[in-house]
Amino acid sequence: MNRRFSRVESGADLKDYFDRGDIASRENRWNFEVAWEVANKVGGIYTVIRSKAYVSTEEMGEQLCMMGPYKEHCARTEMEEMEFPRGNPLLDAVNALRSRGYKIHTGRWLVDGNPQLILFDIGSAAWKLDQFKNEMWEKCNIGIPHLDIETNDAIILGFMIAEFLEEFRNCAVSYSQNNGLSAPRIVAHFHEWQAGVGLIVLRTRQVEIATVFTTHATLLGRYLCAGNTDFYNNLDKFAVDEEAGKRQIYHRYCLERGATHLPHVFTTVSEITGYEAEHLLKRKPDIITPNGLNVKKFSAIHEFQNLHAVAKEKINEFVRGHFYGHMDFDLDKTLYFFIAGRYEFGNKGADIFIESLARLNAMLKHEKPDTTVVAFLIFPTKTNNFNVDSLRGHAVIKQLRDTINNVQQAVGKRMFDTCLKGHIPNADDLLQKDDLVKIKRCLFAMQRDSMPPVTTHNVSDDWNDPVLASIRRCHLFNSVHDRVKMVFHPEFLTSTNPLFGIDYEEFVRGCHLGVFPSYYEPWGYTPAECTVMGIPSVTTNLSGFGCFMEEHISDPKSYGIYIVDRRYIGLENSVQQLSSFMMEFSRLNRRQRIIQRNRTERLSDLLDWRTLGIYYRQARVKALQAVYPDYVDELTLYGSRNNLIFSRPHSEPPSPTSSRHTTPAPSVHGSDDEDSVDEETELKELGIK
């Protein structure tokens with residue numbers, strides 16, 4: 001037991017089962033994972049499947065296969081096509097379906113772990129759509145509208161996958177009998193309602209395959225929250241059939257509900273989504289399967305602090321260009337806050353973030369007028385190209401830098417020549433009149449009459465844009481007197497961006513605080529990504545991530561996880577709480593922020609797939625035991641993780657410098673560098689041996 005917190009018990013980690021499928025092969029156990037976003041980047045489920053691929057392959061090896069739709073524009077870069085080896089029941093099943101006229105692509109996914117892939121070309125089976133719909137109606141009484149293209153595609157994919165799995169089971173049985181193996185045990189794991197059609201077909205056709213269904217967010221829940229409904233307080237009062245019918249998604253809702261009730265094991269990604277599924281889909285989840293990330297540890301404990309400093313300097317460059325002519329604030333005393341994600345203004349909490357920033361602005365003016373907060377809002381929306389003023393600012397700053405560099409070189413050459421002659425350089429001789437003229441021209445070019453723009457792009461229909469409308473209402477116009485500056489960037493960040501020139505991951509590393517006060521967030525990858533990079537974040541008790549952290553950490557705030565209550569208090573109180581959290585963070589000095597980042601980064605073990613993947617394994621084993629009662633797992637799985645609690649750090653509270661001897665000591669001169677505190681120094685400061 002570590003004095004600072006309880007570490008994950010290694011005996012319950014998924015890495016104990018990493019044998020590249022050796023045990024699964026001996027048990028003749030197969031695992032198929034089905035999702036619309038396998039090798040098809042659409043949304044958050046792609047991140048889940050992609051990041052989990054490595055630990056899944058380490059556990060199951062060649063006994064694992066992932067399946068989804070074939071989308072050529074994605075498959076070109078995501079997939080390496082190749083055939084399965086001869087004698088493999090996978091190849092026999094693929095060939096059987098190809099003989100029916102279906103186009104099937106096989107190979108490996110070009111991600112960590114390189115799992116086996118089977119992608120189905122939906123167009124090749126479109127001619128059987130009416131037949132598939134007829135079977136769905138006769139067996140399930142679910143009718144699919146002709147014009148719903150997305151559901152039509154889901155129906156075709158589901159039937160193709162169900163036919164493949166049925167054929168594979170027959171081939172695997174024959175292969176096992178011919179080679180003296182035990183009977184095959186097959187698990188099919190389906191993600192979300194689009195893939196759930198295949199599960200419904202398997203169960204209605206009574207194919208002997210263990211099934212698991214995971215919902216990452218309920219379909220009806222997304223629609224209800226998008227309509228400004230008091231969702232969680234009325235969750236048990238909704239007439240679900242009526243609400244789905246109003247929104248013309250009743251057939252989709254029926255498919256999702258069918259996929260929820262038919263599997264042997266039903267899972268959700270968080271407690272809050274499980275509560276939602278219980279009321280909207282009418283089934284409690286059997287197991288909660290939280291989402292993880294592939295965490296890469298640095299050999300040097302302070303390396304992520306160095307990366308923060310490097311990335312922060314790149315953001316500094318952008319800020320210099322964007323706010324040229326109004327750079328009246330000190331970048332060393334500037335904090336970078338950000339929010340990012342899909343442009344769901346209310347669901348993602350952008351409304352209360354902007355309102356809280358207005359209140360933070362007033363508090364900073366009164367209490368810390370030398371501290372500036374630059375708030376970035378990264379929400380992709382329709383634009384009419386870059387803002388001319390933003391581009392001009394970066395051009396002007398580049399011209400100033402080039403001019404200063406040329407003057408420096410000229411002054412350095414004159415200084416060298418003067419010293420070479422044995423004379424002490426005179427300032428008037430070094431900086432000549434021509435140099436001053438060049439500098440003055442640059443300074444005049446930097447003058448601007450208008451305030452720095454709030455947005456980096458010309459947003460389409462900007463008068464009705466919710467972010468810009470909210471910024472106008474709160475009067476956050478980047479004036480000289482504002483201590484909170486706003487930057488709305490309506491595009492995803494990439495290294496090819498002419499303004500930022502920085503990838504999203506690097507941008508996150510360079511910021512000081514991620515703010516995600518979501519109202520509807522089944523899991524929440526954005527705060528999880530911040531955590532594994534050692535960046536403190538704000539989340540809510542209505543997000544799966546926030547609930548998970550509350551459950552497993554005694555005092556989340558001390559580890560840089562600020563949890564806003566959006567469930568049990570009113571909206572006004574939530575706004576006040578968020579603004580107080582941001583003000584509390586703004587009061588920290590640089591050393592305290594470094595120590596907090598060290599603490600935050602230590603939570604990365606908690607979010608690693610090597611830790612969280614065990615829940616998925618438990619779900620598969622439970623499904624196997626439901627179909628094959630004689631199945632006994634070689635290793636005991638049910639080492640409960642409920643005792644996984646991170647205790648309060650001994651150095652809390654982090655803000656006061658003189659309350660008790662365990663708080664961080666005051667900074668000494670020259671000790672405030674970004675990478676000046678490592679783990680050993682921190683332990684010594686906090687009096688922990």
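This is a predicted model: local features need pLDDT of at least 70, side-chain atom pairs count only at pLDDT 80 or more; totals for chains, interfaces and linings use all residues.
1. At what angle do the axes of helix H7 and helix H10 cross? Roughly 60°, with the axes of H7 (residues 192–204) and H10 (residues 250–261) coming within 8 Å.

2. Numbering starts from 1 along each chain as its sequence is written, and side-chain values use heavy atoms, with hydrogens and water left out.

3. Back to the helices. From H7, Trp193, Gly196, Val197, Leu199 and Ile200 meet Arg252, Leu255, Glu256, Gly258 and Ala259 of H10 (contact is heavy atoms within 4.5 Å). By class, that contact of H7 with H10 has six nonpolar, two polar and two charged residues.

4. On to the rings: there are 30 aromatic pairs in the structure (ring centres within 6.5 Å; stacked means planes under 30 degrees apart). Phe132 and Phe159 are stacked, at 4.5 Å centre to centre and 10° between the planes. Phe132 sits in helix H5 (residues 129–140) and Phe159 in helix H6 (residues 149–178), so the pair ties together parts 27 residues apart in sequence. Both Phe132 and Phe159 are buried (under 20% relative accessible area; exposed is over 50%, partly exposed in between, with a 1.4 Å probe and protein chains only).

5. Tyr343 and Phe379 also form a stacked pair, 5.5 Å centre to centre with 5° between the planes. Tyr343 is partly exposed at 22%, whereas Phe379 is buried at 1%.

How values were computed. Axes are lines fitted to C-alpha atoms, for helices over the stretch in contact, and angles run from 0 to 180 degrees between N-to-C directions. Helices (H or I, at least four residues) and strands (E, at least two) are DSSP runs, numbered from the N terminus. Ala, Val, Leu, Ile, Met, Phe, Trp, Tyr, Cys and Pro count as nonpolar, Asp, Glu, Lys and Arg as charged, and the others, Gly among them, as polar. Rings of Phe, Tyr and Trp (its six-membered ring) pair if their centres lie within 6.5 Å; planes under 30 degrees apart count as stacked, over 60 as edge-to-face and the rest as tilted.
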